[in-house]
Amino acid sequence: MASFRRRVRDIWGWMCSAFAEFSIISVYALSSIAIGILLLRFTADNSWFDAVALNAMQGELMIASIAMMGPLAYSVVAEPPIKYRRFFQFFVACYTLLAVAAYVANKLVANIDENFMVTSSIAALLFSLSVNYFATYVNHSVKRPDDKMRDSTISKARAYAEHARGRG
């Protein structure tokens, strides 16, 4: 039972530390989008929904969702590599290609369906945020915040050091 509690405590710690890192990345990556939405909301007297929709129709949310893949793309190639490297490489590549295609199609095709662009931009952003959080969580669970020596390990190491000193 104690090992189960320790495991739950470890997982909770990984989730919290991953959420803290993920939140910092998200705030900085999405701050320009938030400012754009605020400007659209208050300068043109739009509703909140209209401000988000206008921002999404212009492709800004799609660009932000691609930018959210930056930390994930780095962690896939960084040393040491994250766990499930091939899984994340596949999703980063596929996702980026799809998001870029949707953004380019929005700019090239004059009569693209606005509802499609809004829906796909919001879905892309939510997907990139969730995949990015999952990757951050996996990365934190591999680092294991409890890698410090446990008390029993420390006492065994001290006992061995004393034993080794006694021999010499």
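Is Phe 127 buried, partly exposed or exposed? In this predicted model, Phe 127 counts as partly exposed, with a relative accessibility of 35%. The legends below begin with the whole chain and then turn to single sites.

View 1. The secondary structure of the protein chain consists of 7 helices and 0 strands, and the order of the elements, read from the N terminus, is α-α-α-α-α-α-α. Of the 168 residues in the chain, 29% are buried. Among the contacts with a separation of 6 or more, 72% are made by residues 24 or more positions apart. The protein chain exposes about 11100 Å², and carbon and sulfur atoms supply 67% of that area.

**View 2. The ring pair of Phe 22 and Tyr 133.** The model contains 4 aromatic pairs. One of them joins Phe 22 and Tyr 133 in an edge-to-face arrangement, with 5.6 Å from centre to centre and 75° between the planes. This pair links distant parts of the chain, since Phe 22 belongs to helix α1 (residues 2-43) and Tyr 133 to helix α6 (residues 114-143), and 111 residues separate them. Phe 22 has a relative accessible area of 11% and is therefore buried, the cut-off being under 20%. Tyr 133, with a relative accessible area of 23%, is partly exposed.

**View 3. The ring pair of Tyr 95 and Phe 127.** Tyr 95 and Phe 127 form a tilted aromatic pair, in which the centres are 5.6 Å apart and the planes stand at 35° to each other. Here too the pair links distant parts of the chain, with Tyr 95 in helix α5 (residues 85-108) and Phe 127 in helix α6, 32 residues apart.

**View 4. A cluster of aromatic rings.** Phe 19, Phe 22 and Tyr 133 are linked by ring pairs into a cluster.

**View 5. A nonpolar patch on the surface.** Val 100, Val 104, Leu 108 and Val 109 form a nonpolar patch on the surface, and together they have about 330 Å² of accessible area. Leu 108, one of these residues, lies in helix α5. With a relative accessible area of 69%, Leu 108 is exposed, because the cut-off for that class is over 50%.

**View 6. Asn 46 in the loop between α1 and α2.** Asn 46 is found in the loop that runs between α1 and α2, where its relative accessible area of 16% makes it a buried residue. A polar atom of the Asn 46 side chain lies 2.8 Å from the backbone oxygen of Leu 40. When its neighbours within four places in sequence are left aside, Asn 46 is in contact with Leu 40, Arg 41, Ala 51 and Leu 54.

**View 7. Helix α2 and the residue that follows.** Helix α2 covers residues 48-57, and its buried residues are Ala 51, Ala 53, Asn 55 and Ala 56. Of these, Ala 51 is also among the residues in contact with Asn 46. After α2 comes Gly 59, which has a positive phi, near 90°.

Conventions. Residues numbered from 1 in each chain as written. Predicted model: local features only at pLDDT ≥ 70, side-chain atom pairs only at ≥ 80, totals over all residues. Heavy atoms only, no water. Phe/Tyr/Trp six-rings, centres within 6.5 Å; stacked < 30°, edge-to-face > 60°. Helix = DSSP H or I, 4+ residues; strand = E, 2+ residues; numbered from the N terminus. Buried < 20%, exposed > 50% of the residue type's maximum accessible area, 1.4 Å probe, protein only. Contact = heavy atoms within 4.5 Å. Areas by Shrake-Rupley, 256 points an atom, 1.4 Å probe, with all protein chains shown as cover. Patch = residues over 30% accessible without salt bridge, like charges linked within 9 Å, V, L, I, M, F, W, Y side chains within 5 Å. Salt bridge = Lys/Arg side-chain N within 4 Å of Asp/Glu carboxyl O. Polar contact = N/O pair within 3.5 Å; in protein donor to acceptor, adjacent residues only side chain to side chain.
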